[in-house]
Amino acid sequence: MQHLIENITILTAAPVINLGLLIDGILIGAIFALAAYGLALVWGVMNVKNLAQGDFIMTGGYIAWSLGRHGIQPLFGVPLAFVLLWGIGYVIYYLVVRKVITRDLFTSLLATFGIAICLQQTLNLIFGPDTQSAQADLPTWQFADGLISIAATRLIGFALAVILAIAVVLFMKNSRMGQAIRATAQDARAARVLGIEPEKVYAFTFSLNAAICGAVGALVVLVWNVQPFLGTTYSIRLFVIVTAAGVGNLPGVIAAGFGMGVFEQFGGFLFGAEFQQALIVILLLGVLTFRILQLRRFRQAVQ
Amino acid sequence: MLKRAGLLAAALSLCAAPIAAHAEDCGTIQLGAAVSMTGIYAANGHNTRDGYDFAVKKINSEGGVTIDGKCYKFEVKYYDDESNPARAAQLVERLIDQDKIQFMLGPYGSPLTKAILPVTEKYKTPVVQAEAASRSLFTQGYKYHFGIIATSEKYLTPLIDMAAQLAKKDGKDPSKLKIAMIYQDDVFSMDVRQGVMDEVKKYNITPILDDRMPKDLNDITGFLTKVKALKADVLIVSGHEKGAATAARQMGDMRVQVPIIAVTHCESAKIVSDFPKASEGMICPTQWDETMKASDKTFGTAMDFNNEFKAAYPEYKVVPYNVAQAAAAIIVWRDAFNRAQSLDQEKVREALTGTDLKTFYGGIKIAPDGSNPGKDVVLRQIQGGQYKVVWPEDVAAAQLEYPRSAQY
């Protein structure tokens, strides 16, 4: 409690720090939003809750890191990880996900959990268990006597996340495949009647999500670091975001992603780093409780 | 009944060992270890295992252990504890109960060691461990546990002394030092914190920041923002390799300038090669450094060990102290068997309590609580991408660069 008061004192004594935290939160929020968008996509279209989301991200991170190791600017890892993870996602879809998609919730949860463990161990075998991070060697700009620092990597991460998000949203709106995906999400049977092959749509959606995660991972390794077993933390974060926004609400998911970034920065600052993750889980609890109450009211109205 | 059968089988296998001798007519002494090959501690788990393997090979090539005129070679049976304490305890029980191994080596890290010790005590199986520094391991009254490294509360106490002396030299009051610190919330790091807290009390210092980071957090921006806002004089980060990597990365991103920055686990986090600019001037405590003046007959000087290990394991650019201390554990076993002149667990345990050795790792003299209290920590500073011993002053190989000024 005393810490909390002290930390609030710091914030009020130097209000510019608020701005710094806000900027940081928004910059990293874009990265969360993008990955959460992918999760919401698979969740909404295929009704598969992908527990391997964070591990796809780690895989993408290692791809960008490998580039850096070979003397190539790790920023190029963003498109490369997108492409490679697309392939990996496609293979995983045909090997595993396709077989569980029609089963109940627990089967698909267990299957994606299994994928997550396999990915973790594969990364561990290939790249070793060390914490890794890639260096883009870009400048950092300082403002307000050094109290606000904006690293170019974060800015680029933000820009790439926004570009990718816009591209995906436009794709979903305008392309035939995007329309097919949305149609399948709304009513798979009706879509099939109208000549859309759900199988293809599912494969595409799952691969697209994996690809998005790959690109996100490449950004994560530039901004933070990666470790084969760090994926779960990201999966949890993304689940909170999607649950908070509601599965069908894609703009909401993006907004919640930014919200999560800002929430985490302020939470970490005010309550200390030890509560940074606990706060996310508490937030999830809060959101779920709120949703249940909301639904109950709705149900009563229907009755 | 079953247990008795197990003991009988163990005794039989021991008798059988000399009969089923190798070509050179040597017996085998089996050591067992659950070490993390996967999971959060896997990096240091590998270091530990490589240290054990290297020393076992070297000691075996020098004839191993001689008991009653008969030679014995060491052999280590490993299991992967997946960085999971419950799993480690299970595997150690399996090593003892099913694999009939009577002598144990430790896993990497205090959380895992803490989990296995009740098991080894239960089975009265001696453990020599070189990778768990938590003070709390030595206060439980364990009889079969022997640890050879400096306990964790000593890791950063020299740093506080150093900072206080520097402050005095500048004509400042040490009690006005602004110390900011963040620790991972595990046994080891909290012990490091306890040592620091005890030490700052001596100087009447109250740390301005005292934060924790969970083990799967890779973002400490909020903490570093506070460090900048409060203009700390001393910054301490202790969170294993991920903590060190996260700190180096984000200090670089945020251009943190603090006169004294101390980080644990610098080598395993590879901060010098990964963050050459940000890591410059950071201070890293270590149990062992190859420039240390210590030697023994088997491995030669610390520098000899360093060179020979690198030749055998070329993937290591720097030899982490974890490797050296793991190797030292094998020396302790050899010495104990040689003095016990027996393969009996009780006799060997008795011999272990009387350990008093000079090794390339430093002196090892076991105290009644199973620890090695003579072992101290040295501080090194990263200067021009090299680790240089800067503290205590009598063993220092280089002048401390103070205040640290990183050229980001």
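Modeller: Happy to; I'll start with confidence, go on to where the two chains touch, and then look at the packing within each chain. This is a predicted model, in which local features need pLDDT of at least 70 and side-chain atom pairs count only at pLDDT 80 or more, while totals for chains, interfaces and linings use all residues. Residues are numbered from 1 along each chain as its sequence is written, with chains lettered from A and ligands numbered from 1 in the order in which they are written.

The model has an ipTM of 0.84 and a pTM of 0.77.

Now to the interface: 33 residues of chain A are in contact with 35 residues of chain B (contact: C-beta atoms, placed from the backbone, within 7 Å). On chain B's side, α2 (42–61), β8 (209–213), α7 (221–230) and α8 (240–254) each supply at least two residues. Helices (H or I, at least four residues) and strands (E, at least two) are DSSP runs, numbered from the N terminus. The most comes from α7(B), with eight residues. This side of chain B has 14 nonpolar, seven polar and 14 charged residues; Ala, Val, Leu, Ile, Met, Phe, Trp, Tyr, Cys and Pro count as nonpolar, Asp, Glu, Lys and Arg as charged, and the others, Gly among them, as polar.

Within chain B, the axes of α12 (residues 321–340) and α13 (residues 345–353) come within 8 Å and cross at roughly 115° (axes are lines fitted to C-alpha atoms, for helices over the stretch in contact, and angles run from 0 to 180 degrees between N-to-C directions). Here α12(B) contributes A336(B), F337(B), R339(B) and A340(B), and α13(B) contributes K347(B), V348(B), E350(B), A351(B) and L352(B). By class, that contact has six nonpolar, no polar and three charged residues.

Further along chain B, strands β14 (residues 356–359) and β15 (residues 362–365) run antiparallel and are joined by four bridges. A hairpin links β14(B) to β15(B) through two residues, and L357(B) has I364(B) as its bridge partner.

Over in chain A, the axes of α4 (residues 77–100) and α9 (residues 198–223) come within 6 Å and cross at roughly 140°. The contact of α4(A) with α9(A) has 20 nonpolar, six polar and no charged residues.

How values were computed
Contact = placed C-beta atoms within 7 Å. Pairing = 2+ DSSP bridges.
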